[in-house]
Amino acid sequence: MALSGLRNTAGPLQAKVGPANAQLMRRGRRPVVAVFQAALQMVMAVLLAAGAVRPAAAGVGDDVRAFVADPLGAAAMAQASAETEDACPRIGLAEGVLTLHDAVARMLCLNPRVRLARAGVMAEVAALGQARSAYLPRLSATFRRLDDVTAIDAADRSTSNRTRGESSALSLTWRLLDFGGRDANIDAAADLLAAALASRDATVLQVTGAGIQAYFDVQAAHAALEAHRANREVAHATLASVERKQDAGAAAEADRLQAITAQARAELEVSRAQGALAQARAALATWTSLPPQSPFMLPALAAPESPQVPALDPVLSHARLLHPAVAAARLKESAARAQVDAARAEGRPTLDLVAAEYRNGRPDQSLSTAPSRERQMAVVLTVPLFEGFERSYRIRAAQAVVEQREAQAQEESQKMVAEIVQAHAALAAAGDTLRASGVLFESAGASHASALRRFRAGAADLREVLNTQQTLDDARLQRVRSVTEWHAASLRLAAAAGNLGPDLLRN
């Protein structure tokens, strides 16, 4: 979801993560060409650090710093689906109004569950970098300085010998061939990174759904308060009509007392609605990390002119392909299959290049007093012959993990379908309720207006007026609740289908 601040933290609110992106991560920087690129960049970094050269432009220094932070480009895909998070702290209130878009953006930027999911992505980025590093050589250097004094005390004399010397060693090890082991590890790491991105997106959907509920709780509480206030005004008008009739001698004291009771009931409902609104606002302030007493306002909700419920089958088809939770489960299954390939490859031959230079002895030998220099280069072929059947059991364990991941993917898919079907049914019911509440509100208003006119003309008693007033009060509450329920149900269906975007939140 490309929200300014919402895309910063995750998912379906951003780019979709799936097997295609995992394939891109697998192919990146695998061949030997990447080694030469890395070597060239490394030389550049050393020269810049030493001050031997100066960057021709400001971007060169940034490129070098980026290379030092991630020399193998493991974070490329994660960065492609998440912009900088600098905008998160700057998300504020436009003229004191908290829109749904900004509320969700604040939730995602500051929510600890989303931060935990982002940290999981970075962990998988590092794991992918480790897997890619297997294609690079290992270079190590050793330096020793020896100052050895040996003293011998005898009965007739004492002697001492002092030996000083230095030795150094430089060794290089480079795996040239392993019959698919490194490729399988990179495939698994790429799939796990894509799965972590999809899991982050699923977390975003969950947090967004809960935040949307808190937002519409405030909307519903505010609308209910306005409805109770309108009912209070109606009660005031009824009491005024009764008092005028009583002054004219056309109404009894009992009628006035009934009108006063109705007015007191209306005042009580307003007080209760104010308390419910305060609680809902406090919950929303907690979700959005605003001060508890923050005087934010929410835009009024308008009833849709013609509520439309989308067909269920297209929603399910879209969700099966792109829902982040399902995509994460499938990618974990793909990673498990790659781990099976890696376990099999560990039992195949490997070919390594080994080169070393030693001065004045090797690191595991005593220091030579005579200067010496030794150089060696070898190609080592290692063929595993027998490992006590450990390899067979390791492959079986990896295959069992594949079955687990396959079952989890199927379970996640079934769970997703159930959530969508329930959300779709709730939206359809909300649409029917919305239409029925509109008819109810209009008829109740007309009925109360007619009863009030007839009461003023002396053609109806107060009981009829109070009954139609109570019906109008209930109809007004049902109307505002049905409007908020429709909007909330629409977004819940979008969240369940993994299709919650910024345009939907803004509208």
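What do the side chains of Arg 200 and Asp 201 form where they meet?

Modeller: They form a salt bridge, with 3.6 Å from N to O. By that term I mean a side-chain nitrogen of Lys or Arg within 4 Å of a carboxyl oxygen of Asp or Glu. In general, side chains of opposite charge can pair when their charged atoms come close.

Before we go on, some ground rules: this is a predicted model, local features need pLDDT of at least 70, side-chain atom pairs count only at pLDDT 80 or more, and totals for chains, interfaces and linings use all residues. Residues are numbered from 1 along each chain as its sequence is written, and side-chain values use heavy atoms, leaving out hydrogens and water.

Back to your pair. Arg 200 is buried at a relative accessible area of 3%, and Asp 201 is buried too, at 2%. Here buried means under 20% relative accessible area, exposed means over 50%, and partly exposed is in between (1.4 Å probe, protein chains only). Across the protein, buried residues make up 40% of the 507 residues.

Your pair belongs to a set of 19 salt bridges in the structure. Glu 226 and Arg 229 make another, at 3.2 Å from N to O. These two sit three residues apart in helix H7 (residues 181-247), so about one helical turn separates them. Glu 226 is partly exposed at 35% relative accessibility, and Arg 229 is partly exposed at 29%.

Asp 341 is partly exposed at 42%, and Arg 344 is partly exposed at 36%. Helices (H or I, at least four residues) and strands (E, at least two) are DSSP runs, numbered from the N terminus; the protein comes to 13 helices and four strands.

While we're in H10, look at Ala 345, which lies in that helix. Ala 345 counts as buried at 4% relative accessibility. Leaving aside neighbours within four places in sequence, Ala 345 is in contact with Asp 178, Phe 179, Gly 180 and Gly 181, where contact means heavy atoms within 4.5 Å. For the protein as a whole, among contacts between residues at least 6 apart in sequence, 80% join residues at least 24 apart.

Salt bridges can also link up: Glu 346, Glu 387, Glu 390, Arg 391 and Arg 394 form a network of them.

Now for a contrast with your Arg 200. Arg 476, found in helix H12 (residues 462-496), is buried yet has no salt bridge; Asp 473, the nearest side chain of opposite charge, is 4.1 Å away. For charge, Lys and Arg count as positive and Asp and Glu as negative, with His and the chain ends not counted. Not counting residues up to four places away in sequence, Arg 476 touches Ala 227, Ala 230, Asn 231 and Phe 441.

Some other arginines sit over rings. Arg 182 lies over the face of Tyr 135, at 4.3 Å from the ring centre, and Arg 281 lies over the face of Phe 296, at 4.1 Å. The test is NZ of Lys or CZ of Arg within 6 Å of the ring centre and within 35 degrees of the ring normal.

The protein averages a pLDDT of 78, and 78% of the residues score at least 70; pLDDT is the predictor's confidence in each residue, from 0 to 100. Over residues 52-60 the pLDDT is below 50, and this stretch has eight contacts in the model beyond near neighbours in sequence. Residues 80-87 are also below 50, with 15 such contacts. Where pLDDT is low, the predicted coordinates should not be read in detail.
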